[in-house]
Amino acid sequence: MKAIEVINLNKSFMTGKEETTVLKGLDFSVEKGEFVSIMGPSGSGKSTLLYLLGGLDKPTSGTVQLDGKDLAQVSKKAMSKLRRSKIGFVFQFYNLVQNLNVEDNILLPIILDGKNPKKYEEKLTEILDVIGLSDKRKATPRELSGGQQQRVAIARALISEPDIIFLDEPIGNLDSKTGKEIMELFRSINRKYGKTLIQVTHSQSAAQYGTSIIRLVDGEIVEHSKITA
Ligand SMILES: Nc1ncnc2c1ncn2[C@@H]1O[C@H](COP(=O)(O)OP(=O)(O)OP(=O)(O)O)[C@@H](O)[C@H]1O
């Protein structure tokens, strides 16, 4: 089963009168349960691709299908719902709300979605256990280390039980030991819960935690390979 299908995807940006083509006719698919690393030099189009896959930006032409749905055909309202329920995002700089404690940060997508957070009590406890922060429920972000803050961001991405989680340089801001721990957490989320993960990374060692690599150079795919353990 395909989680994502990309067909002849193009993306250009206008800067003044200049048009820059950043993604050039990409074709690929991602199976459910894969953990894909998008790699490539700075400026090759990795983040642009990730944002198109997650519906945060629109292609200039071509299609992105998520779970068989062409994102261009999805209404704005349905897209926001899709983003809140089917898709999770984790960014390099955790993006936590500083004056909310750990559990409220994790429950934020639920509250924003108009759901009753009380119904998520059990799920929250389970996720706090998975991320190893059961004893920090009431702490605020500034009382946590960078690695712990990223764990909270991961928990927030997991709470609505999305099928696909997009990671933009998720360990780019962490020391190597903490980065390893976070990558191990992603690997277990991928293996244990069968979530599809798509990460943008500069790190070859971070990519080794995944199942395949897509390498971009100048907006084109130069490699799409499986990682053999
Ligand atoms: N909103 C935008 N408007 C104009 N140009 C943009 C925009 N977003 C990205 N670009 C350009 O598209 C190109 C690719 O950017 P992108 O951020 O996707 O690269 P990247 O591979 O993720 O780079 P890095 O590894 O440095 O984060 C760059 O030349 C960038 O300047």
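At what angle do the axes of helix α4 and helix α5 cross? The two axes cross at roughly 140° and come within 10 Å, with α4 covering residues 121-131 and α5 covering residues 146-158. Keep in mind that you're looking at a predicted model.

The crossing of α4 past α5 is right-handed. On the α4 side, the contact uses Ile-127, Leu-128 and Ile-131. On the α5 side, Arg-151, Ile-154, Ala-155 and Leu-158 take part. Sort those contact residues by class and you get six nonpolar, no polar and one charged.

α5 also meets α3, and here the crossing is right-handed too. The residues from α3 are Val-102, Asn-105, Ile-106, Leu-108 and Pro-109, and they meet Val-152, Ala-155 and Arg-156 of α5. By class, that contact has six nonpolar residues, one polar and one charged.

| Helix pair | Axes come within | Crossing angle |
|---|---|---|
| α4 and α5 | 10 Å | roughly 140° |
| α3 and α5 | 7 Å | roughly 35° |

What about α3 itself? Its buried residues are Val-102, Glu-103, Asn-105, Ile-106, Leu-107, Pro-109 and Ile-110. The cover over these buried residues includes α2, α4 and α5. After α3 comes Gly-114, with a positive phi near 75°.

## Two domains

Domain 1 is made of residues 1-86 + 162-228, while domain 2 takes residues 96-161. Where the domains touch, domain 1 puts in 11 residues and domain 2 puts in 11 residues.

Which elements of domain 1 face domain 2 with at least two residues each? They are α2 (76-85) and α6. The largest share belongs to α6, which brings four residues to that side of domain 1. Split by class, the side of domain 1 that touches domain 2 has six nonpolar residues, three polar and two charged.

## Around the ligand

Now for the ligand. The residues around it are Phe-13, Thr-15, Thr-20, Val-22, Gly-40, Ser-42, Gly-43, Ser-44, Gly-45, Lys-46, Ser-47 and Thr-48. Three elements, β1 (2-15), β2 (18-31) and α1 (46-53), each bring at least two residues to this shell. The biggest contributor is α1, with three residues.

## Loop residues worth a look

Some residues in loops deserve a stop on the tour. Tyr-94 sits in the loop between β6 (87-90) and α3 (102-112). Is Tyr-94 buried or exposed? Tyr-94 counts as buried because it has 20 C-beta neighbours inside 10 Å. Leaving out neighbours within four places in sequence, Tyr-94 is in contact with Gln-149, Gln-150, Val-152 and Ala-153. Its C-alpha atom is also 8.7 Å from that of Arg-151, a residue 57 places away along the chain.

Over in the loop between α7 (204-207) and β9 you'll find Thr-211. Thr-211 is buried because 20 other C-beta atoms lie within 10 Å. Apart from residues up to four places away in sequence, Thr-211 touches Glu-34, Phe-35, Lys-226 and Ile-227.

Next come two residues picked out by their backbone angles. Most residues other than glycine have a negative phi. Glu-169, though, has a positive phi near 45°, and it lies in the loop between β7 (164-168) and α6 (176-193). Glu-169 is buried because 20 other C-beta atoms lie within 10 Å.

Asp-218 has a positive phi as well, near 50°. You'll find Asp-218 in the loop between β9 (212-217) and β10 (220-226). With 14 other C-beta atoms within 10 Å, Asp-218 is partly exposed.

Note on methods:
Residues are numbered from 1 along each chain as its sequence is written. This is a predicted model: local features need pLDDT of at least 70, side-chain atom pairs count only at pLDDT 80 or more; totals for chains, interfaces and linings use all residues. A residue is near a molecule or strand if its C-beta atom, placed from the backbone, lies within 6 Å of it. Axes are lines fitted to C-alpha atoms, for helices over the stretch in contact, and angles run from 0 to 180 degrees between N-to-C directions. A crossing is left-handed if the near helix is turned anticlockwise from the far one by less than a right angle, and right-handed if clockwise. Two residues are in contact if their C-beta atoms, placed from the backbone, lie within 7 Å. Ala, Val, Leu, Ile, Met, Phe, Trp, Tyr, Cys and Pro count as nonpolar, Asp, Glu, Lys and Arg as charged, and the others, Gly among them, as polar. A residue is buried if 20 or more other C-beta atoms lie within 10 Å of its own, exposed if 12 or fewer, and partly exposed in between; C-beta atoms are placed from the backbone. Domain bounds come from an automatic or database domain assignment.
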